[in-house]
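Welcome! Take a moment to look it over, and then read on.

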Amino acid sequence: MNTFKSYAGRLSLLALALPCLFSRSLQADTEVIVISATEQRESWLSSPASVELSTVPEQGILIDSAQLLNSISGVQADSRANFAQDTRLSIRGFGSRSAFGIRGLYLQQDGIPLSTPDGQGQLSSVLLDNIAQVEVLKGPLAALYGNASGGVISMYSQNPLQSALAVRMAGSEQHRQYQLHADWVSGDTSLSAALKQFDSDGYRPHSAAKKQQAQLLYRTAVAETAKLTARLDYARDPQLQDPLGLSLADWRQDPKQTNTAATLFDTEKHSRQRQLSVSLGDYQEADLWQLSSWLGDRTIGQRLAFTGSALSSAGGEVALQRRFSGVSGNYRLLQGSNYQLRAGGSVVQSEDDRQGFVNDFGQRGDMRRDQTDSADNKDVFVRMNWQPATRWQLQGGWRYSELQLAVADRYLNTENPDDSGRKGFYNQALALGLSYRITDGISGFISAGRGFESPTLAEIAYRSDGSGVNLALEASTNRQWEGGIKWQNSSTGGAAFSGSVSLFSIITDNELLVDSSAGGRTSYRNAAKTERHGAELQLNWRQNAYLRHQLSGHYLTAQFADALLDGNSLPGVARSQLQWQLAYRPWQDNTALNGTELSLHSQYRSKVYLDDANSDSAPSAVTFSVSARHSKQWQQLTLDYWLALDNITDKAYVGSVIVNQSNGRAIEPAPGRQFSAGISAGFLW
């Protein structure tokens with residue numbers, strides 16, 4: 001704790017010094033506008049919410065959501081370099097214990113949730129190339145999104161300004177990617193269509209992948225009173241081989257190897273997802289009301305690295321069919337010259353038909369699981385915004401959530417009793433934030449709140465002492481506060497400087513831990529209290545017309561305060577992380593469509609523990625990458641091409657860890673040195 005206080009003190013001094021250093025020569029810039037904190041447009045500088053923005057990289061093969069998020073402080077985006085497993089994301093430690101997919105974080109695209117009602121999610125089905133901006137909301141105000149909202153990741157699709165047709169190709173030693181994109185714009189109406197094909201030989205043996213994606217996005221005005229957005233998404237992964245993790249010893253011996261169990265059991269995954277999303281909102285009065293609805297299905301097949309032949313096992317091959325749907329809306333109840341009150345709610349449901357079979361060394365064997373899992377969530381919320389004086393702003397809200405999880409087991413025999421059951425969770429979230437505008441370009445903020453995270457369907461499925469749903473599990477609750485300083489300045493000469501420093505503290509009760517794991521069945525228990533304290537720094541500096549810097553970093557102490565694990569660090573969480581990116585444009589007349597840009601990116605991450613006992617850890621690492629991009633426009637024709645070299649030094653480092661892995665295969669190696677190139681040709685009309 002003394003180390004944290006010393007570190008936090010130094011960052012606090014830096015936060016005070018930097019704005020003063022630049023405020024004499026810089027003037028207030030146009031403020032960044034955000035939406036997440038209160039479901040309304042607002043000034044980033046005046047908001048007490050801790051929000052950071054990221055845009056899609058203009059070069060590189062975009063195959064991993066970590067590429068969009070690794071420059072944001074407080075976010076740990078671990079690329080598994082394994083297409084059969086989704087990117088591992090955590091924000092201030094939330095989501096760090098996830099063994100697969102993303103949990104503990106609320107995911108949405110264009111206001112439509114990507115998270116299931118029980119708090120699980122994944123980004124592998126999102127067509128990342130069509131994302132214009134990613135907004136990450138951290139801190140107490142994120143709790144107002146309800147269950148499992150330790151942080152909020154909001155993605156926003158591109159909005160075309162004119163009709164265009166583009167063809168893109170990219171490749172590396174392992175990957176090949178082809179894209180076709182078309183936009184049609186007429187007045188207030190636009191239609192975008194995109195197709196993407198991706199093939200990979202994989203970084204390691206038995207890690208080949210094939211991915212296909214398509215999207216239609218339609219926007220129009222309805223009777224000049226409302227705006228309609230409809231999006232149809234399709235994602236198919238016909239082959240995603242799983243090379244499995246390695247033990248720490250095997251990784252040190254040869255990080256490019258694959259565990260023999262991968263070929264023995266032919267571990268792989270295939271999936272398909274279809275979703276239709278429709279949003280309708282007011283057109284003339286901004287943010288007066290909004291109504292959204294969505295429905296879709298997801299099919300998954302996966303072979304795991306064991307047979308699962310025991311009659312009490314869940315099987316070594318998974319077959320899942322999910323149907324999901326929901327509706328949400330909000331309305332501005334009151335608005336005055338200095339206040340606003342908004343109310344809303346949502347009803348979301350998902351149903352999984354889940355079967356398990358014996359994995360007979362790559363062939364489907366006898367059935368070992370047959371059940372239907374369902375999750376139903378109903379939420380209501382109220383949010384307020386009040387400006388009691390010119391420089392003061394107060395935001396807050398309350399949310400009530402009802403979540404029903406149910407398992408209907410149909411696979412019954414003498415050694416596999418009925419595991420059916422139902423569990424309900426009823427929770428409330430509260431948050432309040434205060435911001436003070438110190439000067440035109442500097443503000444201070446503080447916020448506090450209480451949030452919750454219910455167990456998922458996978459976590460309530462089994463008990464360690466018998467059959468049936470684990471009815472003893474309760475939702476974990478967290479209390480957190482945050483304070484910090486933001487600044488944003490620019491000068492007429494092209495220089496600009498913005499950033500933020502924040503300090504935070506999070507206390508969580510009833511954290512979930514693995515109770516037992518045997519025969520493909522894992523049970524959980526509420527046992528742990530955890531404490532997380534940290535500091536975050538984000539700087540963006542446009543030095544002149546040629547040079548731009550971006551620096552982000554965080555320091556996080558995340559420890560158990562539990563009788564058995566007291567003082568141990570949370571597994572999967574790096575104590576410190578630092579990112580720096582330098583972009584150089586060699587000619588002053590560069591524009592978005594005509595110009596050259598060279599970039600250097602570096603990252604440091606400290607060691608990461610593998611399990612609750614802190615028995616071993618993945619070592620720290622520093623990596624470097626460079627890229628070059630050139631764009632040219634001739635009348636209506638645009639040409640864009642780029643080169644990128646990742647992991648310049650060919651550093652052998654750990655991309656991600658599989659927390660609390662009982663078989664010891666906890667290490668997912670990062671790729672070595674990778675060279676890639678791409679070209680895009682477009683026609684505007």
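Which kind of contact do the side chains of Asp266 and Arg303 form? They meet in a salt bridge, with 2.7 Å from N to O. Keep in mind as you explore that this is a predicted model.

**Salt bridges**

- Searching the whole structure turns up 36 salt bridges.
- The bridge between Asp266 and Arg303 links distant parts of the chain, 37 residues apart. Asp266 sits in the loop between helix 4 (260-264) and strand 18 (268-282), while Arg303 belongs to strand 19 (residues 289-303).
- Another salt bridge pairs Lys210 with Asp199, and their closest N and O atoms are 3.6 Å apart. Lys210 lies in strand 16 (residues 209-222) and Asp199 in strand 15 (residues 189-200), so this pair ties together parts that are 11 residues apart in sequence.
- Here Lys210 is partly exposed, at a relative accessible area of 36%, and Asp199 is buried, at 13%.
- Asp373 and Arg354 also join their side chains in a salt bridge, at 3.2 Å from N to O. Asp373 is in strand 22 (residues 363-389) and Arg354 in strand 21 (residues 339-360), which puts the partners 19 residues apart. Both Asp373 and Arg354 are buried.
- Some salt bridges share partners, and in this way Arg97, Arg103, Glu453, Glu459, Glu511 and Arg532 are joined into one network.

**A closer look at Glu511**

- Glu511, one of the members of that network, is found in strand 27 (residues 496-518).
- Is Glu511 buried or exposed? With a relative accessibility of 9%, Glu511 counts as buried.
- A polar contact of 2.6 Å connects the side chains of Glu511 and Arg97.
- Setting aside neighbours within four places in sequence, Glu511 is in contact with Arg97, Ser476, Arg525, Asn526, Ala527, Ala528, Thr530 and Arg532.

**A loop residue: Gln174**

- Gln174 has its place in the loop between strand 13 (164-172) and strand 14 (175-186).
- What does Gln174 touch? Not counting residues up to four places away in sequence, Gln174 touches Asp199, Ser200, Asp201, Gly202, Tyr203 and Gln674. Asp199 is also the salt-bridge partner of Lys210.
- Gln174 and Ser676 are 502 residues apart along the chain, yet their C-alpha atoms are separated by 9.2 Å.

**An open sheet**

- In which order do the 5 strands of the open sheet stand? The order is 4-11-12-8-9, and the pairing is mixed.
- In general, the strands of a sheet pair through backbone hydrogen bonds, either parallel or antiparallel.
- Strand 4 (50-55) and strand 9 (112-113) stand at the edges with a single partner strand each, so one side of each has no neighbour in the sheet.
- Strand 8 (residues 106-109) and strand 9 run antiparallel and are joined by 2 bridges. Across this pair, Gln109 stands opposite Ile112 in strand 9.

Notes: Residues numbered from 1 in each chain as written. Predicted model: local features only at pLDDT ≥ 70, side-chain atom pairs only at ≥ 80, totals over all residues. Heavy atoms only, no water. Salt bridge = Lys/Arg side-chain N within 4 Å of Asp/Glu carboxyl O. Helix = DSSP H or I, 4+ residues; strand = E, 2+ residues; numbered from the N terminus. Buried < 20%, exposed > 50% of the residue type's maximum accessible area, 1.4 Å probe, protein only. Contact = heavy atoms within 4.5 Å. Pairing = 2+ DSSP bridges. Polar contact = N/O pair within 3.5 Å; in protein donor to acceptor, adjacent residues only side chain to side chain.
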